[in-house]
Amino acid sequence: RYMERLQDKLNRLGCELKTTISATAMDLWNREFYNPLMHPIFKISDKEERLMRKCYYGGRTECFYRGCFEKPLKLYDINSMYPKALTFEYPDTKKMYRIASPEHSYINSFGFSYADIEAPEDLFYPFLPYRNAEDKLIFPLGRFKGYYTHIELKEAERLGYKITLLKSYIFPKSYYPFAEYVSKLYQLRNSDKDYSDVYKILLNSLYGKFAQRTDKIQCFIPESCMTDNDFKLFSEDDQGDIENGFYIFKKEMAKPDYIMPIFSAYVTSYSRILLYKYLTKYKAVYCDTDSILTERSIRESSELGRMKLERISSRSILIKPKFYYLYSHYDIIKAKGIRHITKPEFLNLLRGKSVKQMKFCKFREALRRNLKVNEILRFAKYMDLEDDKREWHGKFGLNKWQKSTPIIIDSGSQ
């Protein structure tokens, strides 16, 4: 009955309920807010897609101080950070030009560039992201190269970064493709409380769909169901395998017309810029995507992009990103990869002990290990107490409050 009401609600909005909420969000935007005559999204080549993905970085999660903090810390969230980012200006993707030897002034246009970056030496909170050799997202000082959106490069330059553009990709025009979408759904979220969570998810799910992976999809087909074409595809896949009577190989996936990773890259760029302003102004001790932990007080507001107070912690144990304990009237305990962790389990992890966990066996693992799909597996989980996203002087200690420094790299010659 709820699903029937939800389908009716979405139909009234102008879309259909799809297999995923992000597909539903895309269907709504495509039907009601996208104008293909004014601002068409043209299909991009595989090469253009790969280049755009290189400037698409995720959210920022860092621990700037660690240990046990005996004074109150306040946890603030940015109201609808990603929807706020969607209200800003975006490249009009109708035309894109590649500039082999760009002038520095191109940084003021909408686009993205491969750039040589030299960070200022005195930043406690570095601004630009960087993927290291382990593909981990860090925020370093030093010199490095990478692909970045121009809105991020302009902000970095304002903060004292020295930037040399090496290759640029320019969109001559810009527009506001998502502002109306956000305005309507945010109004509905505030007025229709019964479906508030639905509108919230629709607001947060649209941007990622533009960067949906279009690589080959992995197929698991019983031998009895294999067709001649399947056998042909299997023979062409160097990574193809046979496990317990199933042929495992990859098929090409048709690229949807809406794939445009530069939109997703701009959303996360705008979001990191907004987060950066809060974490530097209020001297954050920790940040996670759209939230900060600070000693300071921030004026609250229900407006998009403004801060709201989520919790005040009387005592805090911070270890590393997504691994902490905030003591409050309702404790917040986080340990990445461990669901529903308890206080005794958290303290055991700090002592180097394991926590017992269970999970459902997924299809591929069941094939490989000759188990039943969704069979309950029990295992022990340990947590490393050391953080490799910042520099720490000495090992983690529960009885000391440690201040970190940014990692310094020098890969500018690469």
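This is a predicted model: local features need pLDDT of at least 70, side-chain atom pairs count only at pLDDT 80 or more; totals for chains, interfaces and linings use all residues.
**Helix H9.** I started with H9, residues 261–281. With 21 residues at 1.5 Å each, I'd expect a span of 30 Å, and the end C-alpha atoms sit 31 Å apart, which agrees. Next I checked burial: 18 of the 21 residues of H9 are buried, so the rest of the structure largely encloses this helix. After H9 comes lysine 283, and its phi is positive, near 50 degrees.

**Salt bridges.** How many salt bridges does the structure hold? I got 23.

I looked up glutamate 49 with lysine 255 and found a salt bridge at 3.0 Å, N to O. Glutamate 49 is in helix H3 (residues 46–54), while lysine 255 is in the loop between strand S14 (246–251) and H9, so this pair ties together parts 206 residues apart in sequence. Glutamate 49 is buried at 5% relative accessible area, and lysine 255 also counts as buried, at 15%.

**Pairs within a helix.** Arginine 158 and glutamate 155 meet in a salt bridge at 2.6 Å, N to O. Both lie in helix H5 (residues 150–158), 3 residues apart, or about one turn. Buried or exposed, I asked of arginine 158? At 58% relative accessibility, arginine 158 counts as exposed, whereas glutamate 155 is buried at 11%.

In helix H11 (residues 363–369), glutamate 365 and arginine 369 are 4 residues apart, about one helical turn. Their closest N and O atoms are 2.7 Å apart in a salt bridge. Glutamate 365 is buried at 14%; arginine 369 is partly exposed at 46%.

Technical notes
Residues are numbered from 1 along each chain as its sequence is written. Side-chain values use heavy atoms; hydrogens and water are left out. Helices (H or I, at least four residues) and strands (E, at least two) are DSSP runs, numbered from the N terminus. The expected span of a helix is 1.5 Å times one less than its number of residues. Buried means under 20% relative accessible area, exposed over 50%, partly exposed in between (1.4 Å probe, protein chains only). A salt bridge is a side-chain nitrogen of Lys or Arg within 4 Å of a carboxyl oxygen of Asp or Glu.
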